[in-house]
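Please look through the sequence and the model shown here, and keep both at hand while you read the explanation.

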Amino acid sequence: MRIVVAVKQVPDTAEVRIDEERGTLIREGIPSILNPFDEYALEEAMKWRDKLGGTVTVITMGPPQAEAVLREAVSMGADEAVLLSDRAFAGADTWATSHTLAKAVEKIGDIDIVMTGKQAIDGDTAQTGPSIAASLDWPQITFVGFVRELNQDSIVAERYVEGGCEVIRSSLPVVITVLKDANTPRLPSLRGKMKSRKIEIPVWGREDLELPEDEVGLDGSPTRVVKITTPEILSNGEIHHGESEKLAKLLVDSLLGSEVP
Amino acid sequence: MASIEVRKDTCVGCGECVPACPFGAIAMEDSLAVISDECTLCGACESSCSYGAIIIRIGETGETEIDQYSGIMVLAEQRDGTIDHSTLELLGEARRLAEVDDSSVSVVLLTEEARNWPAELISYGADTVYVAEDVQLRHFRTEPFSRIAERLIIEKKPAVVLAAATTTGRDLMPRIAKNLNTGLTADCTELAIDSESGGLLQTRPAFGGNILATIVCSDTRPQMATVRPRVMKAMDPDKNRDGVIEKIELSLTDLVSRTEVLEFNPLDEGSVDISEAEVIVSGGRGMKSPENFALLQELANLLDGSIGASRAAIDAGWISYPHQVGQTGKTVQPKTYIACGISGAVQHRVGMQSSDRILAINKDETAPIFEFCDVGFVGDLFEIIPFVIKEIKRRRK
């Protein structure tokens, strides 16, 4: 089983704070991390590789320093890694990103499954996975909470949707996007850490992928950000202090309102 | 190839652009802004610079004949034998947008059996309903649905295509957008028509809800967006509205799919879908342990409510992911939301801020939740909630 896991380096959004005066993001000291959802995709890929044999290749598109998340993935157990990095890739939206990632999957060749996290925590679009599937003209199963079966010909996976769970069978090759429910990601191993320090990570640019300029980066992106603002906060609530019992009565007053006898 | 440039003669070294960059890619060197490779050309600095010293250049793009596209097309969603409420919300929003340039609203219904739905969709704002009926369209499947929608979009040339940001819409729309070589904006919370260009301004939260980004798709059509459920308003249905129902002819190849739905398992009784709940009692880091959620459950039971949780409580393993409210969980809009021991970080807020009423209990009076709740109680939830439970029981006797 040859699996590609597409990952992303993201700022840890849980750490992002707003500069109230300027209304901008405070980026200083915010660590860059492996997108948490991608850890579940990576674990799922490695779980099935351990069971069926094969390789897990982790890829990312980003600036040169995005290599760090590839090394992290190798320390957790990925076999190979490829960095897609080129100034021409900058400013890519999900169309151009998935287009570039799909080209890399084709260049690696002979892949059975592409796995990726449900979404990245910086953009939260959840669009890159299905767009990779469209680029490759492969089927897709998104929002996968559990992979029931996997063999050389097909996959059966549970897709968590509003109000329930769909059980989907797909032929291979396929793209799946993975939810937190799927597994518990393993920690880096000592052997993995040693390998991650030594491994040579090839860097592929636009020309390596034989992509024209107008299909990558900002030029290849149909969408463009034109404005960034910080959400308004309305502050006009009433705040109560005091004894717990008094607070409880006030709370019940506001809860039940007309229900009061 | 696109590029970014700081004009050395214009940059005054004020440093305004440094905090404006969401990626920390700008530094000041010798009173001049210097942009590093971390730059993603997002454009935040360009608009922050009061001196016009930062310029982003975009290369040549192939232009679609934009003028040929008009109207708004909504992709309908059905679930459990009814039209999903999100579809009605989209129609309401599409109607509002269509008023701006007097364009039309169409809706695409792919289903096993259309029943009285086309008439219902017209009453909620559609001018045209495109219907395809086939037993193989009973369950949503990516390939047939995207193939049929793509063909219809190519034929009808809508300027805008909208779907709900549900697991269906977010599966389907990226595939369509990629295949049609056009732009898609995810999970929008605000849509507007730009008065100058006539283009669609698509606003959505990003960076965990810390910022709102407005996105345009200026050179390709259609402009596609998924829209967060429970944000837009459906219009009051008008049975007298006129509309056209048009059948979509299907061929066998339309229905070919490499995936098949083997089963559908509805959620267990008890594990209520919290996005439907009228009352949500929600717990965060302040709950301290999984056992303490029983306290919230008791309160929720009294109020016929469901249990929600913040990411902190989920990550600690106190309660399962389906209960998560927030940017990476569910968006809820109950009549009453009771936040217990939840600080109210922006990632949580974006998932519950459209609740009709937010009550909050927290020990820390500086918690952000007190900045946007309707009624706040500063105190120990482990004391207050048992009193609340007792008081509700007493008053109902």
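This is a predicted model: local features need pLDDT of at least 70, side-chain atom pairs count only at pLDDT 80 or more; totals for chains, interfaces and linings use all residues.

Residues are numbered from 1 along each chain as its sequence is written, and chains are lettered from A and ligands numbered from 1 in the order in which they are written.

The secondary structure of chain A comes to 6 helices and 15 strands, where helices (H or I, at least four residues) and strands (E, at least two) are DSSP runs numbered from the N terminus. Along the principal axes, the C-alpha atoms of chain A fill a box of roughly 70 × 45 × 40 Å. Of the 261 residues in chain A, 55% are buried; a residue is called buried if 20 or more other C-beta atoms lie within 10 Å of its own, exposed if 12 or fewer do, and partly exposed in between, with the C-beta atoms placed from the backbone. Among contacts in chain A between residues at least 6 apart in sequence, 69% join residues at least 24 apart, and two residues are in contact if their C-beta atoms, placed from the backbone, lie within 7 Å.

How many residues does each chain bring to the contact between chain A and chain B? Chain B gives 90 residues and chain A gives 84 residues. On the side of chain B that touches chain A, the largest share, 8 residues, comes from strand E17 (residues 259-266) of chain B. By class, that side of chain B has 40 nonpolar, 28 polar and 22 charged residues, where Ala, Val, Leu, Ile, Met, Phe, Trp, Tyr, Cys and Pro count as nonpolar, Asp, Glu, Lys and Arg as charged, and the others, Gly among them, as polar.

Next comes a sheet with strands from both chains. Strands of a sheet pair through backbone hydrogen bonds, either parallel or antiparallel. The open sheet of 6 strands has the order E15(A)-E22(B)-E21(B)-E20(B)-E18(B)-E19(B), with parallel pairing; two strands pair if DSSP finds at least two bridges between them. At the edges stand strand E15 (238-240) of chain A and strand E19 (306-309) of chain B, each with a single partner strand, so one side of each is left without a neighbour in the sheet. From one strand to the next, the twist averages 20 degrees; angles run from 0 to 180 degrees between N-to-C directions, and axes are lines fitted to C-alpha atoms, for helices over the stretch in contact. E15(A) and E22(B) pair in the parallel sense over 3 bridges, and His240(A) stands opposite Phe377(B) in E22(B). Strand E20 (residues 336-340) and strand E21 (residues 357-362), both of chain B, pair in the parallel sense over 5 bridges, with Ala360(B) in E21(B) as the bridge partner of Ala339(B).

Within chain B, helix H7 (residues 293-302) and helix H11 (residues 381-396) pack at an angle of about 25 degrees, with their axes 10 Å apart. That angle makes H7(B) roughly parallel to H11(B), since angles under 35 degrees count as roughly parallel, over 145 as roughly antiparallel, 65 to 115 as roughly perpendicular and the rest as oblique. The contact is made by Leu295(B), Glu298(B), Leu299(B) and Leu302(B) of H7(B) and by Ile385(B), Val388(B), Ile389(B) and Ile392(B) of H11(B). By class, this contact has 7 nonpolar, no polar and 1 charged residues.

Strand E12 (residues 190-193) of chain B and E13(B) pair in the antiparallel sense over 4 bridges, and Glu190(B) stands opposite Thr203(B) in E13(B). E13(B) and strand E14 (residues 211-216) of chain B pair in the antiparallel sense over 5 bridges, and they form a hairpin with 4 residues between them, in whose turn Phe207(B) has a positive phi of about 50 degrees.
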